[in-house]
Amino acid sequence: MMLRQLTAVMTVAMTAAFCLHAQAQSVPAPSAASAWPVAPAPGLYQAFGEREGLRALMDDFVVRLKADARIGEQFRETNLDNLAKSLTEQLCQLSGGPCTYNGPDMKTAHAHLDITRAHFNALVEVLQQSMDAKGIPFTRQNQMLALLAPMHRDTITVR
Ligand code: HEM
C-alpha cells in the first residue's frame, strides 16, 4: 500500500476512534448529513471551491464510482445526477457551507444494500482519486475524509 493511502486509512481509523469523544465538545447538532456532530476544519468549504467546486467534484466522483471494478455494480441503477446532487448538499453542509442536506440519513439510505468494509474503503479511495484530479491539497482531503469516516458505522451493512 502506498504511504499516502496508508495515511488516509489511518486518518479514517483514528477519526472513528476520535469521534467517540467528540460529542462531549461544543460541536454542531447531529443531522441526516452525519450521525456524528463533528466540526469542520476552518475554511474547508472554501478549500473545496464552495458549492460549485463540490458539485464538480461530485460529478467526477459518481462517474468514477460507477466505473470502479470493486463497487461499480452497486450503482448500476443509480441516477448519477441525483446522487451527485445529494452528495454535494451533504458535503457542503458537513464542510461548513450554507447548505442543508435533506436526503435520508445514512443508515436508511444504505439499509437495502450489501456494503462491506472493503466496499467502504474502495469508496474512500475513489473519492481520493477525484480529489487528486481536482487538485485538492492533501491536508484538505484528509480533513474532509475525517468528517466522512465516522459514517462507516451507518453505511457498512455486512459485518
Ligand atoms: C462515507 C460514506 C458514504 C456516504 C457519505 C454516502 C452518501 C450517500 C448519499 C448522500 C446517498 C444519497 C441518498 C439519497 O439522496 O437518497 C447515498 C446513496 C447510495 N450510496 Fe452511499 N454513501 C457512503 C458510502 C457508500 C458505500 C461504501 C457504498 C457502496 C459501495 C454506497 C452506495 C450507495 C448506493 C448504491 C446509493 C443509492 C443510490 C441510488 O439511489 O440508487 N454508499 N450515499
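**First stop: helix α4**

Select helix α4 (80-94) to begin: its buried residues pack against α2 (44-47), α3 and α7. The model is a predicted one, in which local features need a pLDDT of at least 70 and side-chain atom pairs count only at pLDDT 80 or more, while totals for chains, interfaces and linings use all residues. Residues are numbered from 1 along each chain as its sequence is written.

Some terms are required for the whole tour. Helices (H or I, at least four residues) and strands (E, at least two) are DSSP runs, numbered from the N terminus. A residue is buried if 20 or more other C-beta atoms lie within 10 Å of its own, exposed if 12 or fewer, and partly exposed in between, with C-beta atoms placed from the backbone. Two residues are in contact if their C-beta atoms, placed in this way, lie within 7 Å.

Within α4, highlight A84, L87, T88, E89, Q90, L91, C92, Q93 and L94, which are buried. The expected span of a helix is 1.5 Å times one less than its number of residues. Beyond the end of α4, select G96, whose phi is positive, near 100 degrees.

**The whole chain**

Eight helices and zero strands are present. Of the 159 residues in the chain, 26% are buried. Among contacts between residues at least 6 apart in sequence, 75% join residues at least 24 apart.

The chain averages 88, and 81% of the residues score at least 70. Select residues 14-26 next: over this stretch the pLDDT is below 50, and beyond near neighbours in sequence the stretch has 13 contacts in the model.

Although E50 is not a glycine, its phi is positive, about 55 degrees. Most residues other than glycine have a negative phi. E50 counts as partly exposed because 15 C-beta neighbours lie inside 10 Å.

Select L65, also in helix α3. L65 is buried because 25 other C-beta atoms lie within 10 Å. Residues up to four places away in sequence aside, L65 touches I71, G72, F75, L123 and V126. L65 and A122 are 57 residues apart in sequence, yet their C-alpha atoms are 9.0 Å apart.

Continue to R70, in the loop between α3 and α4. R70 is partly exposed, with 15 C-beta neighbours inside 10 Å. Leaving aside neighbours within four places in sequence, R70 is in contact with H119 and A122. A118 is 48 residues from R70 in sequence and 8.6 Å from R70, C-alpha to C-alpha.

**Helix α6**

Select residues 117-133, helix α6: the 17 residues reach 24 Å from first C-alpha to last, close to the 24 Å expected. The buried residues of α6 are L123, V126, L127, S130 and M131. They cover an arc of only 140 degrees around the axis, which puts them on the same side of α6; the arc is that of the directions from the helix axis to the C-beta atoms. An α-helix has 3.6 residues a turn, so residues three or four places apart point the same way.

G135 follows α6 and has a positive phi, near 75 degrees. In the loop between α6 and α7, select P137. P137 is exposed, with 10 other C-beta atoms within 10 Å. P137 and F48 are 89 residues apart in sequence but 9.3 Å apart in space, C-alpha to C-alpha.

**Last stop: the shell around the ligand**

Select the 21 residues around the ligand, of which I71, T78, S86, G103 and H119 come nearest.

Colour the shell by class to find twelve nonpolar, eight polar and one charged residues. Here Ala, Val, Leu, Ile, Met, Phe, Trp, Tyr, Cys and Pro count as nonpolar, Asp, Glu, Lys and Arg as charged, and the others, Gly among them, as polar.

How values were computed: Near = placed C-beta within 6 Å. pLDDT = per-residue confidence, 0-100.
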